[in-house]
Amino acid sequence: MAMRWLLLCALLASSAGAGRGGGDGDAGTGSQVYVVYMGAVPPRTSPNLLQESHLSLLGTVLKRGRRADSVVVRQYKHGFSGFAARLSQAEAAALRRKPGVVSVFPDPVYQLHTTRSWDFLQQTAVKIDAAAVRRGKAHHRATAADADSPPPPSPAAATDTIIGLLDSGIWPESPSFNDAGFGPVPTRWNGTCMAGDNFNSSNCNKKLIGARYYNESDVRGPSQSGGGSPRDDVGHGTHTSSTAAGNAVADASYYGLAAGTAKGGSAASRVAMYRVCSEAGCSGSAILAGFDDAVADGVDVLSVSLGASPYFRPDFSEDPIAIGSFHAVAKGVAVVCSAGNSGPSAATVVNAAPWILTVAASTIDRDFESDVVLGGNNSAVKGGAINFSNLDKSPKYPLIAGASAKSSSVSDADSASHCEPGTLDTSKIQGKIVLCNHSEGDTSKLEKADELKDAGAVGAIFINDVERAVSTTYLDFPATEVTSAAAAAIQKYIASSSQPVATIAPAATVTGYKPAPVVAYFSSRGPSSQAPNVLKPDVAAPGVNILASWIPTSSLPAGQKEASQFKLVSGTSMACPHVAGAAATVKAWHPTWSPAAIRSAIMTTATQLNNAGAATTTDAGSPATAYDHGAGQVHPAAALDPGLVYEAGVDDYLGFLCNYGYDAAKIKLIAASLPGGFACAANATAALISDLNYPSIAVSGLGKAGGRAAVTRAVTNVGAVEEVTYTAAVVAPAGLEVKVTPSKLAFTRSVKRLEFQVSFSGGKDKAGKKGAAMFGSITWSDGKHMVRSPFVVAS
């Protein structure tokens, strides 16, 4: 067997040529990479035998003379079974018809969803809890310091938690990954530190314990963006991994901005990087390989800050993230994913499978203020951006509106007012600050700024309501952004002065900014178009202007001699590792908890108030709903002692797949083992998805007034007190009647798990508008814990 394994490895090594389109026969002609997913690894099957079976299956569809090993790109043999291979359409179609094959699909390319944030989560949670108690609207929310809370983990247990990341690689020299103070690598770790371009095993240590890469040249051909190394050449993976588990680094900043201590959510955890992405994107075959290896290596939590486009949303059985995460969760690995950056449009959330913890993005209480100082006796106009302006503090620079600088060759005044490239007369803007409108769908602000700078402008002011909360980095070009309300003062001044002048102040860090959090405009929204009866996203976390480690860069502000080791970045990519860090901490406190229990603890303890003591809003100012931020803002400390949890396991997710529409034959392939005589229920329907034991509730199709629906849930007591009674409290909108039965749950030493039913009925006097969503919550409390579940009912 050992000799056969060595021979197989040698054969597989020859596949690189085929991956570049140069294999035997017509392997590279009229073909592309397909993923062949074959479900769970059959019981008692060795990786060697599984690989041989893959090659044997593949050989049955290839033309005579073509070797299976010459077209295989990757093989999956740990968490699940399958392979990626370069195939023709006819060969892929033939494989779809083979017994044991769940799905065959073209290898997709997904995209990355691209400090003080942890301090803000802690400080805001304390302020919110205190404010709620003072108003008598909430019980005290348990934290790790409470007397009846579970004891903290031992130092060894805390540092034994391993966070894996599927991302763009890592910069191992970052101080965030220094291993000072760490003990030996956990003995259960099975991973490796792969050598590659400018990377070797010595780059790993007792903090960064694993690093793998999946060479994209095997799939896409030679690339200028590298990929032959775990080393990060994008920056994204370094940022996310330090956000999740980076060491505390004092005096961190982005060239003086956001100064403070940068730290990850679970700084005691170990890090393992799986480089599945490059600047060109993240291939599905590599994503699946990352999941497969991470499960075998022994990670506890996986952080995945990437996903499909909301406009190309594959079915669960053809989605590499849904497939890989399903099998990871089945092996006890919690998987946390970003919700996507396609907001604020509805139904744009991705990574919405119910076994995934899906994270939206919110702001923190930090802003980067860059004010506009006008001439005369005018007050400064508040603006915001990241720039290191070297303009004089006195307002002496001529100020002009883009519309007034329109080129004579351009007939579209509106485009000129937006400073679209090629619409302005350069002679009219040289040496001036230009006021520009900016709307969604415009050329990017950075492109506009570069065009203005090249044309000789000394600065720019962008009027931007939607994106103002996300500070754009302009480096040393003096540019700032103002709201339309603030811009009114600038426009009035220009209209009233024959020679308007202004200056732009360099960015300054402002903390204690209110209100915060708010849901970021770019954060993808629910409902899930695939399964609207699973409420997504699950929670929100900081994802705007997050300071974390970065790769060295040659783009420096004027006067700077060394690149900053940190950078401010926004996206649900940044929110995801915040929750992954929180999940790792929960895992350290509760090593035996399932991924579902960890998710439940994080969701049911989330907060819905901002630092002003009011309900959280979107950055447009509207009340945030569960479609915006799920259960609310993550509260890491409270998640350590949630009181009750909603458990779910593989059997529950298989029931979901039945109700989703998969037949029993397909599900039997997906699952590693099934109860004897397993079959999907005869009445399986999408409506029954609402009965999945999830920490939130989503019901659709309630219908006109008088419509009724009921769902069942079960909670498990995980609190320190075994003999305890919880009472339900309902918050429901007008026009919707909600009843919880029973309204009290009495747990005992022998009774740890209890069921309850929630019934919904339309109001007698108010007809439900078809498709309209109604939001509310159910909270179980024992006087100490508040176990809150949001619900949405759509007619």
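Some bookkeeping. Since it's a prediction, local features need pLDDT of at least 70 and side-chain atom pairs count only at pLDDT 80 or more, while totals for chains, interfaces and linings use all residues. Residues are numbered from 1 along each chain as its sequence is written, and side-chain values use heavy atoms, with hydrogens and water left out.

Okay, cysteines. How many disulfides does the structure hold? Four, where a disulfide is a pair of cysteine sulfur atoms within 2.5 Å. Counting bonded cysteines along the chain, the pattern goes 1-2, 3-4, 5-6, 7-8.

Take Cys193 and Cys204: their sulfurs sit 2.0 Å apart, and the link is right-handed, with 85° about the S-S bond. Both cysteines lie in the loop between β6 (162-167) and β7 (208-213), so the pair ties together parts eleven residues apart in sequence.

Cys419 is in the loop between α11 (413-417) and α12 (426-429), and Cys436 is in strand β21. Helices (H or I, at least four residues) and strands (E, at least two) are DSSP runs, by the way, numbered from the N terminus.

Then Cys658 and Cys680, again 2.0 Å between sulfurs and left-handed, at -75°. That one ties helix α18 to the loop between α19 (664-670) and β33 (697-700).

Which cysteine sulfur is nearest to that of Cys337, which is in no disulfide? It's the one in Cys576, 6.1 Å away, too far for a bond. Cys337 counts as buried at 0% relative accessibility, and Cys576 likewise at 0%.

On to the cores: sets of buried Ala, Val, Leu, Ile, Met, Phe, Trp, Tyr and Cys residues joined through side-chain atoms within 4.5 Å. The largest has 111 residues, and Phe291, Leu306, Trp355 and Ile602 touch the most other members. Helix α15 (572-589) gives the largest share, nine residues. A second, separate core of 24 residues includes Tyr646 and Val787.

Last, helix α10, residues 320-330: ten of its eleven residues are buried. At its start, a side-chain oxygen of Asp319 reaches to within 3.0 Å of the backbone nitrogen of Ile321. After the helix comes Gly332, with a positive phi near 90°.

Definitions and conventions:
Buried < 20%, exposed > 50% of the residue type's maximum accessible area, 1.4 Å probe, protein only. Polar contact = N/O pair within 3.5 Å; in protein donor to acceptor, adjacent residues only side chain to side chain.
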